[in-house]
Amino acid sequence: MADDGVNTKVEAVSKATTETIELRTEDGGVFDVDKPVAMEFLILKSFYEDEGRVFDKTSIRLPNVKQLELSKVIEYCTRALEFGAKSAAAAGDKDAERMVRQEREGFEAEFVDELSNEMLKELILAVNFLDIKEMLDFLIRSVANRIRNRSVAYVRQFFDIENDFTPQEEDQIHQENAWAFEGVDAD
Amino acid sequence: MRGHDRINTCLPDELLVEIFRRLDSKPSRDACSLVCKRWLNLERLSRSTLRIGASGSPDHFVKLITRRFVNVKTVHVDERLSLPAQFGRRFGSESFRPSPKLRYVKEKAGSEDNEFETSYISDAGLTVLGEGFSKLEKLSLIWCNNVSSMGLVSVAQKCRSLKSLDLQGCYVGDPGLAAVGECCRQLEDLNLRFCEGLSDKGVVELALGCGKSLKALGVAACAKITDISLEAVGSHCKSLETLSLDSECISNKGLLAVAKGCPLLKVLKLQCVNVTDEALAAVGTGCSLLELLALYSLQRFTDRGLQAIGNGCKKLKNLTLSDCYFLSDKGLEAIATGCKEVTHLEVNGCHNIGTMGLESIGKSCQQLTELALLFCQKIGNNALLEVGRGCKLLQALHLVDCSGIGDEGICGIGRGCRKLKKLHIRRCYEIGNKGIVAIGEYCKSLTDLSLRFCDRVGDEALVAIGQGCSLQHLNVSGCHQIGDAGIIAIARGCPQLSSLDVSVLQNLGDMAMAELGEGCPLLKEILLSHCRQITDVGISHLVKNCTLLESCHMVYCPGITAAGVATMVSGCANMKKVLVEKWKVSQRTKRRAGPVISYLCMDL
């Protein structure tokens with residue numbers, strides 16, 4: 001009742017008890033994250049390796065990340081590790097491999113569908129800060145999908161970018177674009 | 001609080017470039033280039049391919065683009081393509097769209113509104129290109145009339161990482177080629193088709209310089225390139241994998257040198273009048289890795305040559321025999337028994353190859369996936385029956401002008417080749433309903449069917465196809481017996497249909513159009529030329545639901561008027577091409593559709 005933040009316990013990746021790391025977000029959230037998942041955050045990995053000591057239960061503050069984003073990141077990374085394990089187990093069996101792939105694609109599609117444009121952008125910033133390669137790649141792909149074949153105005157609005165071209169400059173860019181055409185098949 | 005451009009300020013350049021990389025369409029990348037200055041710079045830096053057509057002033061534009069697109073690795077300059085954009089005019093920023101590929105069918109010379117001056121890229125332009133794109137890896141200069149050795153020399157000197165060079169149709173001289181040999185030591189791919197200015201001197205210097213890295217070489221119609229060049233290739237290009245030769249000046253001597261000197265050869269295409277069996281025998285002994293062999297016209301090869309290939313090239317996968325008059329069944333049998341891994345076979349106009357040769361293919365080549373028989377009058381039904389029995393993996397069958405093949409053969413294919421995806425038949429007058437019905441019954445994977453000018457095929461065949469196959473492409477032009485019933489069956493049975501050609505069908509009317517409008521919403525392309533019974537009513541029904549239409553041919557359709565053309569144009573937002581008589585296009589339609597309409601200008 002008096003607490004500022006919300007204490008959130010996250011499910012362990014495997015059934016056995018795993019070590020957890022405590023992460024605190026900028027808006028007061030506290031997360032107990034399983035070590036394997038936390039080690040995906042390269043920003044943490046280097047922190048522990050730098051310190052030269054074995055993992056222990058100190059709490060780490062993440063000043064650039066909020067609760068909502070961190071919970072999404074943990075959700076994705078947990079599932080990603082699970083899929084990784086399933087893939088490894090299915091290695092060699094083509095049908096099983098295909099099933100894992102499809103399951104993963106289904107999860108990713110649903111995951112990204114539920115994200116608003118705002119959330120997607122916030123997640124990219126958070127994941128970029130936390131340095132999680134795989135998830136960043138996934139988010140980049142998702143952003144590309146959302147702005148593909150859209151007008152310039154839409155893209156600017158999506159990223160909240162102001163147009164800093166003069167009309168003459170815009171014209172010149174149009175000329176360059178028109179003239180250097182790609183994707184036209186030769187006879 | 002909404003992020004005020006937080007993402008643009010917080011995202012590092014590499015991530016933005018990653019996003020651009022995944023936007024693989026030009027409109028998307030163009031949009032990104034207009035967002036803001038930072039994005040423009042990053043976008044230009046990350047473009048790796050440019051295509052340039054004949055345009056207003058190519059040299060000037062080369063200067064412009066080399067300033068910005070510094071990481072370009074691939075440049076195609078194809079001066080057969082003329083760019084319709086008007087330079088110096090203003091574009092509205094939101095409504096501007098780069099024009100799609102245009103074709104103008106002009107029977108009468110008349111000046112259209114879009115006349116502009118074309119000039120071609122010059123040596124000076126090439127020099128700027130070379131200076132600007134120092135990381136260039138692939139360069140194509142297709143029919144660039146103004147380019148000479150000088151330009152090629154400067155490109156060669158500046159672009160030392162060049163891996164692939166296409167000089168098709170350019171009149172460059174030997175010094176240019178010598179410079180390429182000297183400077184571009186990583187060159188793998190070279191196309192010299194129609195480079196009439198080149199002679200042995202240039203090729204020899206090229207081989208001396210970058211022969212080690214060369215993997216692919218193409219030469220056609222170069223009267224001054226002779227056996228001497230090939231001997232140099234044989235001596236210095238040990239890594240050569242692909243060779244394509246079209247020349248009257250090459251004889252056995254040259255080919256023997258290549259066969260002996262290039263053991264890694266995988267692809268060999270020959271159109272050389274003076275080459276005989278002796279050369280093929282050498283290829284059989286020397287090139288055991290050969291996978292693709294294509295022999296074209298006026299060859300003096302006989303079965304002996306094919307036997308040598310059958311004995312030596314056990315890895316052969318792809319064989320094309322075109323207009324090889326002296327080849328007979330014996331030669332094909334030798335290939336069949338010797339090359340069991342053959343997947344693609346084309347026999348075109350080889351009048352002495354008949355049923356027996358194809359039977360042996362059917363018996364021995366179980367990996368066959370694609371078979372093409374063109375102008376083979378001597379091949380009969382038994383050939384296809386045997387293929388049906390032995391080639392269970394067949395996916396594509398092409399038959400043109402094979403008067404010996406009838407329903408029995410097609411039934412054999414249907415029963416045996418259940419994986420068939422593509423069936424193209426043209427002018428085989430013995431094939432009728434029975435054969436096609438069998439296809440509809442057994443070949444459930446069929447997506448591409450073309451029956452052109454087979455006048456014994458009627459509605460019954462299409463009913464069976466509609467029931468059994470989910471077609472994406474159908475062409476029944478010239479099959480006079482087909483009428484509304486057949487096309488309606490297709491409309492009801494093939495909802496995935498994306499392209500349809502019913503040209504020259506006199507019995508086809510508006511009822512079929514209406515059904516197509518209802519049953520095939522994914523239709524992108526339709527060809528109705530010469531359909532006398534189709535009227536504006538049919539067009540309006542068609543367009544109602546087929547909103548994805550991109551292309552429509554409707555010349556010589558007396559029932560379609562200007563109103564029908566207007567309906568077509570206004571009803572389909574994606575329309576890219578309409579082929580119709582000029583006088584049927586009203587001013588209003590012309591204004592709306594503009595660049596989309598191609599005219600057939602004939603005084604009817």
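Is Cys417(B) buried or exposed? I found Cys417(B) buried, at 0% relative accessibility; buried means under 20% relative accessible area, exposed over 50%, and partly exposed in between, with a 1.4 Å probe and protein chains only.

A note on the model: it is predicted, so local features need pLDDT of at least 70 and side-chain atom pairs count only at pLDDT 80 or more, while totals for chains, interfaces and linings use all residues. Residues are numbered from 1 along each chain as its sequence is written, chains are lettered from A and ligands numbered from 1 in the order written, and side-chain values use heavy atoms, without hydrogens and water.

Disulfides next. I took a disulfide as a pair of cysteine sulfur atoms within 2.5 Å, and by this rule the count over all chains is zero. Cys417(B) is in none, with the nearest cysteine sulfur, that of Cys391(B), 6.6 Å away. I also checked Cys479(B), which is buried at 0% relative accessible area. Its sulfur lies 5.0 Å from the closest cysteine sulfur, in Cys454(B), and that is too far for a bond.

Then Lys315(B). I placed it in the loop between α13 (303-312) and β10 (318-322) of chain B; helices (H or I, at least four residues) and strands (E, at least two) are DSSP runs numbered from the N terminus. Lys315(B) is partly exposed, with a relative accessible area of 40%.

Last, chain A. I noted eight helices and four strands there, and buried residues make up 41% of its 187 residues.
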